[in-house]
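Good morning, colleagues. Please take a moment to look at the structure on the screen before I discuss it.

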Amino acid sequence: LTKVSFVSPMLGCAVGDSGAIIKTTDGGERWTHKPSGTLAPLNDVQFFSSLLGWSCGRNAILRTIDGGENWTRTTFSDTTVINGICFKSVTHGWAVGYEYNHYFTLFRGIVYRTTDGGNNWSKQRVDSTRTFSRVKFFNEQVGWILPGFFTTDGGENWLRSTTLDNAIAIQFISQLTGYVLYNNGSLAKTTDGGASWTLSPAGAS
């Protein structure tokens with residue numbers, strides 16, 4: 001399994017390899033498999049309510065409107081991999097990952113945005129040869145891509161942030177205060193919305 005999302009203490013869903021989707025309604029005591037319609041690995045899952053949720057993986061974004069019982073799929077090219085997904089309302093969401101050529105010699109980070117709940121997705125412009133792993137938005141305007149980019153206009157423009165290089169997770173607890181975790185175990189904190197960051201070395205108390 002690669003990711004789990006709980007919308008209440010009892011209701012949760014997890015995704016993983018071979019298109020696996022499992023659901024619990026009793027806080028994880030028991031899990032049941034649900035059909036995803038794909039055998040490709042699923043990399044992320046997010047539920048916005050007890051009924052509405054999304055997942056993503058190789059060349060597809062999935063959506064459920066019945067609590068994960070059934071999933072519909074939006075398909076992308078075979079050379080597209082979607083690693084992360086983030087919705088801030090029932091309509092506005094973003095998905096990130098990468099695309100590659102058939103020779104596996106050229107990789108390019110990609111960002112998709114939807115304004116209709118995932119019925120349609122449009123590609124946003126971002127100039128990067130990185131493979132994006134995660135996307136996180138604080139609201140419908142301010143968001144971050146890992147590694148390396150942030151936006152203050154809903155993704156119309158993505159700006160480089162060297163602070164986010166080598167970051168594997170990001171979390172904001174308010175509009176100003178947030179944390180970034182790096183692949184070496186160190187942590188950085190901001191109290192001004194990401195304008196500046198203070199680094200704490202790995203293992204620091």
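I begin with the lining of the largest cavity: β1 (3-6) and β2 (12-15) each supply at least two of its residues. Strands here are DSSP runs of E with at least two residues, numbered from the N terminus. The model is predicted, with local features needing pLDDT of at least 70 and side-chain atom pairs pLDDT 80 or more, whereas totals for chains, interfaces and linings use all residues. Residues are numbered from 1 along each chain as its sequence is written, and side-chain values use heavy atoms, without hydrogens and water.

A search of the whole structure finds 1 cavity of 30 Å³ or more. A cavity is a set of points on a 1 Å grid over the protein atoms alone where a 1.4 Å probe fits but cannot get out; lining residues have an atom within 4 Å of a point.

I turn now to a sheet. Its 4 strands form an open, antiparallel arrangement in the order β17-β18-β19-β20; two strands pair if DSSP finds at least two bridges between them. β17 (167-172) and β20 (198-200) are at the edges with a single partner strand each, so one side of each has no neighbour in the sheet.

Within this sheet, 4 bridges join β18 (residues 178-182) to the antiparallel β19 (residues 187-190). Gly-178 stands opposite Thr-190 of β19.

Terms used. On a 1 Å grid over the protein atoms alone, a cavity is a set of points where a 1.4 Å probe fits but cannot get out, and a pocket is an open set with protein on both sides within 12 Å along at least five of seven lines; lining residues have an atom within 4 Å of a point. Grid points are joined across faces, edges and corners, and a volume is the space filled by probe spheres set on the points.
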